[in-house]
Amino acid sequence: MNKGSLLDHAIFKKKPIAGASDTNDDRFLKRTLSTFDLVMLGIGGIIGMGIFVLSGIVAGLHAGNALWLSFLIAGVACLFAALCYAEFSAMIPVAGSAYTYCYITLGEIWAWIIGWDLILEYGLAVSAVAIGWSGYLNALLRSTGIILPPALIAPPGTDGGMVNLPAMGIVLCLSLLLIRGTKKSAQTNAAIVAIKIGVIILFIVLGLFSINPANWTPFMPPTGWLGVFSGAAIIFFAFTGFDAVVTAAEETKDPKKSLPLGLIGSLAICIVLYIVLGVILTGIVPFAELAGPDAINAPIAFALGRIGISWGAAIVSVGALCGMTSVILVMLFGQSRIFFAMSRDGLLPAFFSEVSTKTQTPAKVIVVTGVFTACVAGFFPLAIVAELVNMGTLVAFAIVAIGILLLRVQRPDLVRPFSCPFVPIVPLLCVGSCAFLIFHLNPLAHLMFVLWLCIGIAFYALYGMHNGSRREGPATCGAGVQPGTPGLPLPVTGPDVLLTDTPPAILKKQEGS
């Protein structure tokens with residue numbers, strides 16, 4: 001088989017931009033979200049287990065007093081990715097996130113790989129944060145004299161546990177909330193976000209009066225820049241979640257305006273809060289103490305307790321629960337929309353893209369993903385889950401940046417409501433920073449990620465490859481065939497075909513026309 005015929009194979013076909021943004025199919029979601037909702041959704045997905053748990057691990061074991069520098073490095077890498085996501089999401093405001101963008105620029109097989117990657121990212125993030133939520137709840141109850149049976153708060157084989165019921169319970173409850181409707185979920189998320197931002201500001205205010213400048217010496221950790229970079233690779237988990245904003249593209253009232261503002265606004269707010277919090281945390285507590293058993297799982301509460309503000313520590317614990325609740329909610333939301341988009345394209349069974357006529361949500365896929373992630377949270381200890389989630393997220397960010405570069409070459413004529421600045425510099429910086437952080441992750445995370453991809457490719461070979469081209473919905477058609485014909489295969493498309501198949505409405509007006 002020559003190179004040309006190989007690239008003409010169905011697995012390399014690309015989705016036309018017109019087909020991606022066509023909403024005449026009955027499997028589309030109701031637009032109910034505003035710019036404010038998206039900013040809150042982004043903050044809800046970002047501030048959670050990463051800041052309330054991992055900040056102590058990174059300061060105590062990796063970056064030391066340079067914790068805030070690790071925050072900055074991870075945040076800048078995310079900012080590069082956010083600018084790339086903003087261009088795509090404003091131009092193609094449909095569910096699917098990086099999966100859909102990859103389908104348009106790289107082809108079906110690469111879209112499947114990134115979609116499978118996103119399923120891992122969101123699913124494990126939900127389970128990991130639910131386990132952290134359970135730990136904070138148990139600690140809070142224990143401080144009030146309520147002791148839960150060990151068998152009900154830990155997975156089998158861990159501290160006499162049989163099942164982590166609190167972790168399962170919070171995932172299932174939030175899944176039910178998502179089924180009720182996107183707007184109701186967004187309103188609940190906004191209230192939770194307000195609480196956890198208030199808790200972080202409270203910590204900052206209380207900590208300002210207890211800083212000991214001597215704690216900031218030495219600034220660099222014993223391992224030098226290696227510790228700062230490895231800390232950034234781990235604390236990157238604290239920023240994962242902002243990309244869930246683009247999974248809500250199809251449910252946003254004014255996506256061309258709101259999506260870029262939601263992405264960049266939520267990320268910028270969190271970067272500032274994280275840097276300030278990192279400076280104050282290491283100013284209150286010598287970084288070595290943050291690696292101790294009493295601080296490792298709740299560093300912010302530990303810091304306030306150490307300076308004698310026990311009531312503040314209790315409030316922070318409540319805030320941490322709220323923070324992790326909103327992260328679980330946002331990640332469940334994101335994962336269900338990835339399943340929805342892949343199913344609508346025929347790469348997963350049609351069951352996953354059915355929309356409830358009552359709530360206008362993909363209720364069935366929410367139930368399936370909720371039950372699955374609840375079971376993982378209830379029965380499995382996830383020691384390396386943060387690094388594995390980071391691995392999946394960094395790969396997704398890099399592929400989106402590559403997609404921006406390719407689409408600028410393939411389709412320079414497209415109207416871009418938001419344009420990523422300084423192309424190709426920003427996308428290349430995104431790819432480079434993601435590759436750099438991946439290099440500093442645990443090798444076991446690399447191995448587990450490759451195994452997950454192998455499972456995904458096997459599933460695609462058995463199902464997706466045979467059904468993707470026969471999906472229902474809009475497709476690019478030849479003469480005499482109406483778009484949207486059920487069962488019509490999506491034809492092979494390349495840059496030239498994409499150009500001729502895109503309606504004039506989305507092309508830039510030529511001067512003098």
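**Notes on the model**

1. Threonine 393 is buried, its relative accessible area being 0%, where buried stands for under 20%, exposed for over 50% and partly exposed for what lies in between (1.4 Å probe, protein chains only). This residue sits in helix H15, which covers residues 385-410; helices here are DSSP runs of H or I with at least four residues, strands are runs of E with at least two, and both are numbered from the N terminus. Beyond its neighbours within four places in sequence, threonine 393 is in contact (heavy atoms within 4.5 Å) with Glu121, Phe236 and Thr240.

2. This is a predicted model, in which local features need pLDDT of at least 70 and side-chain atom pairs count only at pLDDT 80 or more, whereas totals for chains, interfaces and linings use all residues. Residues are numbered from 1 along each chain as its sequence is written, and side-chain values use heavy atoms, with hydrogens and water left out.

3. The chain has 18 helices and 0 strands, and of its 513 residues 58% are buried. Among contacts between residues at least 6 apart in sequence, 81% join residues at least 24 apart.

4. Isoleucine 47, leaving aside neighbours within four places in sequence, is in contact with residues including Phe52, Lys196, Cys270, Tyr274 and Val327.
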